[in-house]
Amino acid sequence: MKQIIFLNPVFKQMVWGGDRLGRDWPYEIPGSNTGECWAVSAHPNGDCRIREGQYAGETLSALWEKHPELFGKTGLDRFPLLVKIIDAKTDLSIQVHPDDAYAKVHENGSLGKTECWYVLDCEEDSSLVIGHNAKDKKELSDMIREGRWSELIREIPVHRGDFIQIDPGTVHAIKGGLMIMEMQQNSDITYRVYDYDRMVDGKPRTLHIEKSIDVITVPAKQVEDSIMEAADLPVNTMNLLCECAFYKVWKLEVKEAVTITQDHPFLIMSVIEGEGTVDGQAVRKGDHFILPYGYGEVMLQGNMKLIASTI
Ligand code: ZN
């Protein structure tokens, strides 16, 4: 039997969050500083529940454990991906993630984190922090220890529809005014490099200077290798945005009936604009679902944009 697994997102209030997930998206949010929608997550800090059908009410982590056949029996010990929508009303702290090897040794066997961003919406003059300007480890370490942030931090202009891969070791930060869809390894290990000297509840948030210097890649990847324009790709076809060791991500813009084949262990799909149907079932902006293993051909119709991902 072909079944589509729809998920109910989990929302996170953040000091930098806003209310656009409740205004521009069809969600009931917990407050006016809702920074994150964990759309597809089996992480213990926000485990999505199945919305309907025979598994209604189950968590994604429980489904992963009890029904590995739905996910292609990968043998992995946890659901490997995490998909979020981020509403940054103000700047997020500047951070870097370790890779798997570093996290295993320094973070009790945790996974490292590779992530990527699709810019859902932003102002005309928006930018992101991606990379840095230090030419070697010594200069990096000096700039960080001496607080020479404006010299160190590399800000890059971004536009709606840009796609950015953030490899471990990449200094990065989401700036205020951006709505972003984030696909990432299911991990939470983040080292904070700099927090703009802000106070939260009267004190600065913890920085992780030594670990950051350890893991930051020097020199940073070139600007032109960091951003891909993905706003206007061919319609009615799966456009591959990224393929790395941890995930594959596509963008699909549906204008007429499109049939694709789900022949991956599983395929996550998120509707980011418009509405339509998936094998006859109505979907709209803000819906997130998983096509399980062996699903085969699926027909999408309507006028909508989707981001799809798998391992
Ligand atoms: Zn990050």
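# Zinc site, core and loops

At 1% relative accessibility, His97 counts as buried (buried is under 20% relative accessible area, exposed over 50%, partly exposed in between, with a 1.4 Å probe and protein chains only). His97 is also one of the residues holding the zinc ion, so that's a handy place to start. This is a predicted model, where local features need pLDDT of at least 70 and side-chain atom pairs count only at pLDDT 80 or more, while totals for chains, interfaces and linings use all residues. Residues are numbered from 1 along each chain as its sequence is written, and side-chain values use heavy atoms, with hydrogens and water left out.

**Zinc site**

- His97 (NE2), Glu115 (OE), Glu115 (OE) and His172 (NE2) are the protein donors of the zinc ion, at 2.1 to 2.6 Å from it. Donors here are N, O and S atoms within 2.8 Å of the metal (3.2 Å for Na, K and Ca), and sites may look incomplete because water is not among the atoms.
- The geometry is irregular because the four donor atoms subtend angles of 50 to 127° around the zinc ion. For the label, four donors are tetrahedral if all angles lie between 85 and 135 degrees; four are square planar and six octahedral if opposite donors are over 155 degrees apart and all others between 65 and 115; anything else is irregular.
- Along the sequence, the donor residues follow the spacing H-x17-E-x56-H. Helices (H or I, at least four residues) and strands (E, at least two) are DSSP runs numbered from the N terminus.
- His172 counts as buried too, with 1% relative accessibility.

**Nonpolar core**

- The largest nonpolar core has 39 residues, and Val40, Phe71, Phe79, Ile85, Tyr118, Met181 and Ile290 have the most contacts inside it. Such a core is a set of buried Ala, Val, Leu, Ile, Met, Phe, Trp, Tyr and Cys residues joined through side-chain atoms within 4.5 Å.
- Elements that each supply at least two residues of this core include β3 (34–40), α2, β7 (81–88) and β20 (267–278).
- Beyond its neighbours within four places in sequence, Phe71 is in contact (heavy atoms within 4.5 Å) with residues including Leu60, Trp64, Phe79 and Ile290.

**Loops and backbone**

- The Val218 to Pro219 peptide bond is cis, with omega near -15°. Pro219 belongs to the loop between α6 (209–215) and β16 (227–229).
- Asp197 isn't a glycine, yet its phi is positive at about 55°.
- Asp201, in the loop between β15 and α6, has a positive phi near 50°. Asp201 is exposed, with 74% relative accessible area.
- Ala56 is partly exposed at 45% and lies in the loop between β6 (49–50) and α2 (60–66).

**Cysteines**

- The disulfide count is zero, using a rule of cysteine sulfur atoms within 2.5 Å.
- Cys37 is buried at 0% relative accessible area, and its sulfur is 7.5 Å from the closest cysteine sulfur, in Cys48, so the two are too far apart for a bond.
- Cys244 is in no disulfide either, with the nearest cysteine sulfur, that of Cys242, 4.6 Å away. Cys244 is partly exposed at 24%.
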